[in-house]
Amino acid sequence: MALKATPILVYGCSKKRITPCSQFGISDFVCVRPTFLKLRTQKEWECLSERAIKPVEDEVPSTPGVVKKATQITLAGGLHSELNYLPKPLSATDFSSSSSDAKKVRVAYQGVPGAYSEAAALKAYPKCQTVPCDQFEAVFKAVELWLVDKAVLPIENSVDGSIHRNYDLLLFHRLHIVGEVQLVVNHCLLGLPGVRKEELKRVLSHPQALDQCEMTLNELRVTRVNADDTAGAAQVVASEGVRETGAIASARAAEIYGLDVLAEGIQDDSDNITRFLIVAREPIIPGMDRPYKTSIVFSLEEGPGVLFKALAVFALRDINLTKIESRPQRRRPLRVVDDSNRGSATYFDYLFYIDFEASMAEPRAQLALGHLQEFARFLRVLGCYPMDTIL
């Protein structure tokens, strides 16, 4: 995907003269050393977060136009046949038309009705119309092709850490982070009506959910079966109608699919929280009326202490970092260190994702990115958005 080089209001100029920004990978734009920085219009903010200084190969999908087809669950007739009337998850290959609904915000999520991602969408937009998608790639495409207004994506969990797939997709797609949602995960053991948990012989759920409920599953001595997502596991249990099969999912999934909650709060760690990002086609205009967070991704030139220098640009301006994630560049993961006669040493070349507590409406945030550009090979603002501080 070819990227359009546009300014992001960052600076790397000499005190004596104006330096062409081609030195930093920007074309058709000249940086000047500002005396005061301030965002005035939406157009200026879009320049901040819309495009990268310099494209990196990781932003281009490995096989453009080819989408891996995901396995979908086919519901059986008979027991709970009314489940066939639930929304069918969108696939990344069947985006041909969309129906507009001006009354409600349409929010895409990965999974089927009853998923935790859907709960996060409803927390952010209580009156929204949720749109299920069969995979994360389909969620991004739904927003890009105007089928939905926004999307909710899990990005990290307090127990299992980061969802790396979504970090990669944030770089592949040209969407903007416009919000975040923190959701307490309450895993429930679900079964067919009238079944006791002692009767279960196998339990279906997402691998992470199974791992997070290891103690309960060990006590029950059941066989664990992986599923694409938690709500999808509940859907399978309801459609197959096998009394010895249960699922780990949310209480809302039990209500949707007509299952009983056999046990509630079965996760090993009671403080199980997932953070979700809200993405949209256009960025929001940052303000200073409430706490804001900014997410960026960058790569660095090779050299001693360069990562320390990158992090210091925030510390020097009293900007708190809330998240640091590193991902190897997938196209060219190795970088040559030297060309000695004994052979070329190589090491991983990384992209760094950082969240920091500051609004891009603040001069200190703009100055920090200006400072970072002096030794960054690539820099992109993924979004500036209000912080979610209430669980």
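Reader: Is aspartate 318 buried or exposed?
Author: In this predicted model, aspartate 318 is placed in the loop between α9 and β13 (320–328). Its phi is positive, about 55°, although aspartate 318 is not a glycine. The cut-off for exposed is over 50% relative accessible area. At 67% relative accessibility, aspartate 318 therefore counts as exposed.

Reader: Which loop holds arginine 221, a residue with a positive phi that is not a glycine?
Author: The phi of arginine 221 is about 55°. Arginine 221 has a relative accessible area of 77%, so it is exposed. Its place is the loop between α6 and β8 (223–226).

Reader: How does lysine 201 count: buried, partly exposed or exposed?
Author: Lysine 201 belongs to the loop between β6 and β7. Buried requires a value under 20% and exposed one over 50%. The relative accessibility of lysine 201 is 49%, so the residue counts as partly exposed.

Reader: What is the C-alpha to C-alpha distance between lysine 201 and valine 222?
Author: Leaving aside neighbours within four places in sequence, lysine 201 is in contact with Val222, Thr223 and Glu244. Lysine 201 and valine 222 are 21 residues apart in sequence. In space, their C-alpha atoms are separated by 4.9 Å.

Reader: Which element gives the most residues to the largest nonpolar core?
Author: This core has 34 residues, and Leu189, Leu190, Val203, Ile248 and Leu259 touch the most other members. Elements that give two or more residues to the core include β6 (188–191), β7 (202–205), α7 (230–240) and β9 (245–249). With six residues, the top contributor is α7.

Reader: How many disulfides does the count come to?
Author: A disulfide needs two cysteine sulfur atoms within 2.5 Å. For cysteine 213, the closest cysteine sulfur is in cysteine 188, 9.2 Å away, which is too far for a bond. Cysteine 213 is buried, with a relative accessible area of 0%, and cysteine 133 also counts as buried at 0%. The number of disulfides is zero.

Reader: What is the geometry of the pair formed by the rings of tyrosine 167 and tyrosine 353?
Author: The structure holds four aromatic pairs. In the pair of tyrosine 167 and tyrosine 353, the ring centres are 4.9 Å apart and the planes are at 65°. Planes over 60 degrees apart meet the angle rule, so this pair is edge-to-face.

Reader: How many residues apart in sequence are the parts that this tyrosine pair ties together?
Author: Tyrosine 167 is buried, with a relative accessible area of 4%, and tyrosine 353 counts as buried at 3%. Tyrosine 167 lies in helix α4 and tyrosine 353 in strand β16. The pair therefore ties together parts separated in sequence by 186 residues.

Reader: Which residues do ring pairs link into a cluster?
Author: Aromatic pairs number four in the structure. The cluster joined through ring pairs consists of Phe298, Tyr350 and Phe352.

Reader: Over the ring of which residue does the charged end of arginine 281 sit?
Author: For a charge to sit over a ring, CZ of Arg must be within 6 Å of the ring centre and within 35 degrees of the ring normal. The charged end of arginine 281 is 3.7 Å from the centre of the ring in question. That ring belongs to tryptophan 146.

Reader: With which residues is asparagine 166 in contact, leaving aside its neighbours within four places in sequence?
Author: Asparagine 166 is part of helix α4 (residues 164–172). Its relative accessible area is 0%, so asparagine 166 is buried. The contacts are Phe136, Phe140, Leu153, Pro154 and Ile155.

Reader: Against which elements do the buried residues of α10 pack?
Author: Helix α10 covers residues 363–373, and its buried residues include Ala365, Ala368, Leu369 and Leu372. Gln366 and Gln373 are also buried. The elements they pack against are β12 (292–300), α9 (306–315), β16 (350–357) and β17 (376–386).

Reader: What share of the residues of the protein chain count as buried?
Author: The chain has ten helices and 17 strands. Among its contacts between residues at least 6 apart in sequence, 77% join residues at least 24 apart. Its accessible surface comes to about 19200 Å². Of the 391 residues, the buried share is 51%.

Terms used:
Residues numbered from 1 in each chain as written. Predicted model: local features only at pLDDT ≥ 70, side-chain atom pairs only at ≥ 80, totals over all residues. Heavy atoms only, no water. Helix = DSSP H or I, 4+ residues; strand = E, 2+ residues; numbered from the N terminus. Buried < 20%, exposed > 50% of the residue type's maximum accessible area, 1.4 Å probe, protein only. Contact = heavy atoms within 4.5 Å. Phe/Tyr/Trp six-rings, centres within 6.5 Å; stacked < 30°, edge-to-face > 60°. Areas by Shrake-Rupley, 256 points an atom, 1.4 Å probe, with all protein chains shown as cover. Core = buried A, V, L, I, M, F, W, Y, C linked by side-chain atoms within 4.5 Å.
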